[in-house]
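Open the model in your viewer and keep the selection panel at hand. The stops below follow one another as selections.

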Amino acid sequence: MRLTQEHARTLLLAAQGLCAPVEQPTTKDAVLAAIRQMGVLQIDTISVVARSPYLVLWSRLGTYEPRWLDELLVEGAIFEYWAHALCFLPMGEYGLYRRDMLEPIGPRARARAWIAQQPEVPARVLDRIRSAGPLRSAEFPGVGFRSSGWWDHKPEKVALEQLFLAGELMIARRENFQRVYDLRERVLPGWNDANLPTAEESQRAFALRAVRALGVAKARWVPDYYRTAKRGIGVLLDALAAEGLLLRAQVDGWAEPAYIHPDNRTMAEAITAGSLVPQRTTLLSPFDPVVWDRARALELFGFAYRIETYTPAAKRRYGYYSLPILHRGALVGRLDAKAHRKEQIFAVRAVHLESGVAVTYELLVALATTLQKCATWHNTPEVIVGECDPPQLREALRAALTL
């Protein structure tokens, strides 16, 4: 199969559920389906707008009830663990991550070693959760502990994290976005480690899932998706293609081989035939799979992106928490927003369009509509617009918001 660069961009967006217009109303089942489609939903706690996992879902689903994500965790349809980063993950794929928890080397093995070397605190933590039920870190008093720095945590919190990493504890739910820990056997009763895939089966499964989520992929893009081993990935993908588990593709301008998952064949054919074109205008989280690999975003979309949250204010170019603007298959700019929930104001502190992006009526209406929908979903219905680049965008966007 031969694709252009534009086809490759569209196929990524289609595979991520970001191509067609949003259909309303949506349901809790659609939230779960979106997580399964992406494979991973990265967790981040910054809340100047909606926290990242909720915003990633809004980009795909439009207006929905954020509590549905929380309920899916409580119901056991999803679970939390480390994948691309700390993520919500489909429960049906727990075995792949359980295999990772039990690997003899790596951070999970180091967690088990830490527990074995100083068993008193982990044992005390497990005993308390076993008798009292699910608990937050804040419910462990840390008697005698005095923090000496930002990353200095009480022993019980460290133990909770190590027990979670080792797979002895799971997250039963979140309360005010704080993790509530419980025993693995209570969150996932009936699990048997005899059900584990082999290491080879796990490696193949992660590679296949990454290619499917990326739409069309170069070998060097694949390991980042689930943070799997880079060594040997080209050989693995070639072998999967030889078995018919992946399709080979050529993308104009790519020197490397490209791969498509068979599940995406119909979408790819529709894109190349011109019957599937990107129509979505939305805002993306900095931790959206489309842009979390900054090198891939630059290579595929020509979009140089970084989050400036940890950049000193005086050195920021685009703002504290800039959100990429996706418009009809292109990343056309970024905006820095903050939801003032008490005042019910959605402040767009700055909008920066990419060089060469024309301020058309169609773009203005689409962006204004997107901003108003996002603001309404945040329960901050009043949208105010600050600095814009180009400068004439400010008044034009304000006018479009009144249409």
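Select Leu237: leaving out residues up to four places away in sequence, Leu237 touches Ala207, Val211, Ala219, Val222, Leu246 and Tyr259, where contact means heavy atoms within 4.5 Å. This is a predicted model, in which local features need pLDDT of at least 70, side-chain atom pairs count only at pLDDT 80 or more, and totals for chains, interfaces and linings use all residues. Residues are numbered from 1 along each chain as its sequence is written, and side-chain values use heavy atoms, with hydrogens and water left out.

A nonpolar core is a set of buried Ala, Val, Leu, Ile, Met, Phe, Trp, Tyr and Cys residues joined through side-chain atoms within 4.5 Å; buried means under 20% relative accessible area (1.4 Å probe, protein chains only).

Now select residues 28-38, helix α2, and residues 52-61, helix α3. Helices are DSSP runs (H or I, at least four residues), numbered from the N terminus. The two axes, lines fitted to C-alpha atoms over the stretch in contact, come within 10 Å and cross at roughly 100°. α2 is therefore roughly perpendicular to α3 (65 to 115 degrees, on a scale from 0 to 180 degrees between N-to-C directions). Show side chains: Ala30, Val31, Ala34, Ile35 and Met38 of α2 meet Val56, Leu57, Arg60 and Leu61 of α3.

Finish on Arg60 in α3. Arg60 is buried, at 6% relative accessible area. Its side chain reaches the backbone oxygen of Val56 at 3.0 Å.

Key:
Helices (H or I, at least four residues) and strands (E, at least two) are DSSP runs, numbered from the N terminus. Angles under 35 degrees count as roughly parallel, over 145 as roughly antiparallel, 65 to 115 as roughly perpendicular and the rest as oblique. Buried means under 20% relative accessible area, exposed over 50%, partly exposed in between (1.4 Å probe, protein chains only). A polar contact is a pair of N or O atoms within 3.5 Å; within protein, one must be able to donate a hydrogen and the other to accept it, and residues adjacent in sequence count only if both atoms are side-chain atoms.
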